[in-house]
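Hi,

Here is the structure I promised to pass on.

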Amino acid sequence: MSDVLLDIKNLKTHFYTETGHVTAVNGVSFNVKKGEIVGVVGESGCGKSVMSQTILRLFEEGTVEYEGEINFNGRNLLKLNKRQINKVRGNDISMIFQDPLSTLNPVHTVGRQIAESIILHQNASKKEAEEKAIELLRLVGIPSPEKRAKEYPHNLSGGMRQRAMIAVALACRPKLLIADEPTTALDVTIQAQILDLMNNLNEELDMGIIFITHDLGVVADLCSRVVVMYLGEIVEEASIEELFDRPLHPYTQGLIKSIPQLDGDRSAMLHTIEGTVPPLTRVPKGCRFAARCPFADEKCVASAPPVTEYTATQKVKCWHFEKILKNQEGIADVHTYS
Amino acid sequence: MWSYIIKRLFSLIPVLFIVSIVIFSIIHLTPGDPTTYMLGEEATPEQIADAKKQLGLDQPIHVQYFNWVKKAAIGDLGSSYHMNMSVNDAIMSHIGPTLSLAILAEIVALLIAIPLGIIAAIKRGTATDQTVMGFSLLGMAIPSFLLALFLVLLIGVKLQWLPVAGYRPLDSGLWNHIKYLIMPAISLGSIQAALIARMTRSSMLEVLNTNYIKMARAKGVVERRIIYGHALQNAFLPILTVIGITFGGLVTGAVVTETIFNIPGIGSLIINSVARRDYTVIQGIVLFVTFVYVMLNLVIDILYGVIDPRVRLEEK
């Protein structure tokens, strides 16, 4: 187990707001190994972003409470004091966000924003840091980086901004990169370029990546393991092959069926999962997916299912997955997708 | 950049033109005229007619206007009916105290408002926030003359730390100069501070919720640097706007405060001139004030670009 980089155990994130108490992440456990890319998939509001920001404790103290463990390099990140967590942020663990325009500070030059982390964590002089910043811009594939470093975020195109943000995140050669929907705001060509870049960086720098997305296509391209979240819980965890060959949870199956197929029947309706994600203030008592699940019965409504280890790499949280599996020979065409 | 400034300066012309027509009409339409004040109650109609002729007030109003505009266009605002000096000199001799007071009051306002606004934003929803906002509300509600009177009573009369009223020019020594301005500056500044603190708070709150602040946190930047290095500069545009507005109000004369503290500034000049129906001085001051406002706005607009690269003007 020495190659485990990040080990999350039974993580819970509670928010205390004016409208009441909400548990946005409810007992999440998974790990990331060195140099591994793990995808976290789920609909909007499933808690994947909250979970990712919990790792670096980015929520304002006082409104939030964390439970469980986030072990990184032998330390529980939830137990660190402010100074200690600041040394981890941007240094050992970095983050990139969805919208590159709003996440780069509009009044600082791109170079300065990259150099800031380097000065902060590596005791570098301003000049060294600026030289390194230019090198990082070159590494992420920005043309004429010397010129770009002196420019402001609004001078750059969307794809360039995302590259610049990746450069900021990579500044201190982190061991783990958390990418929270980094390609969602970009058009498809740029998206492919950014994914390529992340893949290369993963190989070059041997950096673990948690890739958060709602796009299973992207997951298939990039990740070796996937965690599927629904309403603050992990419903299924699997290797990428297992996930597309033999999804166990009805929710995962629904997600995979919802992917449009290029060679599919054009007149056929796109598959959708019935219903919507309920608000976190009204979480069902039993299985959280029961209300939308075509296989749900009284047992599902009454009590939450346990996590079952189906293989060494595949876990599922469902009462009926074995029964469903028998009836599900029909979705075999899905794995042609990846 | 330069072409922009020149363009803005040219836009002054229509503004000044319109303002001059409005102020000229209002003054000449209000009852009372300077001759009664000059000659006293017992003046005979002949004497009054004579004086009017001397001042050119017997001519039709549009002729008077054009005579005045012709001179004003080359910077000559005429001469005062009462003070035995040109209007230009009158304004110049009164602008010093007003400018000193305005700058000092704005400094007081910023020293109070910016830190308090930032603290309120960081500790939003807490007792600290509510206290600061409570004082800010109080500051906006209290008229500055009331605060001035309290200050005079407490610091001037009871404690006798500072002179009650009056003014000493800068040549009489810096401390001597400032000593007389402290109380008026506090009474004006703390009222302005109320407004600026509110703006600082709301603007900071907005910025602190943005993604780039989250990104800065994720980079491991310490909280203090996030506030001063990342958030404040972004939050400063709306604050700067309020500073411009408040400073404009101060430069163009805090009439009541200047009167209370007996400061010979623009405010007291305009009050006296209105009372004496000193037409040329009133017109001159209004024109001057308009000019100052437009220039101040120009300076603020240029400062926007210094603070935020997105509104920076292209160098061409």
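This is a predicted model: local features need pLDDT of at least 70, side-chain atom pairs count only at pLDDT 80 or more; totals for chains, interfaces and linings use all residues.

Of the 316 residues in chain B, 45% count as buried. If you take the contacts in chain B with a separation of 6 or more, 74% are between residues 24 or more positions apart. The accessible surface of this chain is about 16,400 Å², and carbon and sulfur atoms account for 67% of that. As for charge, chain B has 23 positive and 19 negative charges, and their mean positions are 15 Å apart.

UniProt, in an unreviewed entry, places the feature "transmembrane region" at residues 9-29, 99-122, 134-157, 177-197, 235-261 and 281-307 of chain B. I looked at two of these spans in the model. Residues 9-29 are 95% helix and 0% strand, with end C-alpha atoms 31 Å apart. Residues 281-307 are 100% helix and 0% strand, and there the end C-alpha atoms lie 38 Å apart.

The element I would open next is helix 10 of chain B, residues 211-218. Six of its eight residues are buried, so this helix is largely enclosed by the rest of the structure. The buried ones are B:Tyr212, B:Ile213, B:Met215, B:Ala216, B:Arg217 and B:Ala218. What covers them? The cover includes parts of both chains: strand 6 (93-96), helix 3 (100-103) and helix 7 of chain A, together with helix 9 (174-208) and helix 11 (223-251) of chain B. Just after helix 10, B:Gly220 takes a positive phi of about 90°.

Now to the nonpolar cores. The largest has 105 residues, and those with the most contacts inside it are A:Phe30, A:Met51, A:Ile55, A:Ile114, A:Ile210 and A:Phe211. Helix 7 of chain A (residues 158-170) provides the largest share of this core, with eight residues. Apart from this core lies another, of 39 residues, which includes B:Val87, B:Ile95, B:Ile155 and B:Leu188.

Which residues does A:Phe211 touch, leaving aside neighbours within four places in sequence? Its contacts include A:Ile37, A:Val38, A:Gly39 and A:Val40, as well as A:Ala179, A:Pro182, A:Thr183, A:Leu195 and A:Met198. A:Val218, A:Leu222 and A:Cys223 are also in contact with A:Phe211.

For chain A, an unreviewed UniProt entry places the feature "domain: ABC transporter" at residues 6-256. In the model that span is 41% helix and 28% strand, and its end C-alpha atoms lie 27 Å apart.

Finally, here are two backbone details for your checks. A:Asn73 is not a glycine, yet has a positive phi of about 55°; this residue is in the loop between strand 4 (64-72) and strand 5 (75-76) of chain A. B:Arg277 also has a positive phi, near 50°, and lies in the loop between helix 13 (266-275) and helix 14 (279-307) of chain B. With a relative accessible area of 25%, B:Arg277 is partly exposed.

Best wishes

How values were computed. Residues are numbered from 1 along each chain as its sequence is written. Chains are lettered from A and ligands numbered from 1 in the order in which they are written. Side-chain values use heavy atoms; hydrogens and water are left out. UniProt positions are given in the numbering used here, feature names are shortened, and annotations may be inferred rather than shown by experiment. Helices (H or I, at least four residues) and strands (E, at least two) are DSSP runs, numbered from the N terminus. A nonpolar core is a set of buried Ala, Val, Leu, Ile, Met, Phe, Trp, Tyr and Cys residues joined through side-chain atoms within 4.5 Å. Buried means under 20% relative accessible area, exposed over 50%, partly exposed in between (1.4 Å probe, protein chains only). Contact means heavy atoms within 4.5 Å. Accessible areas come from the Shrake-Rupley method with a 1.4 Å probe; for residues, only the protein chains shown count as cover. Lys and Arg count as positive and Asp and Glu as negative; His and the chain ends are not counted. The place of a charge is taken as NZ of Lys, CZ of Arg, CG of Asp or CD of Glu.
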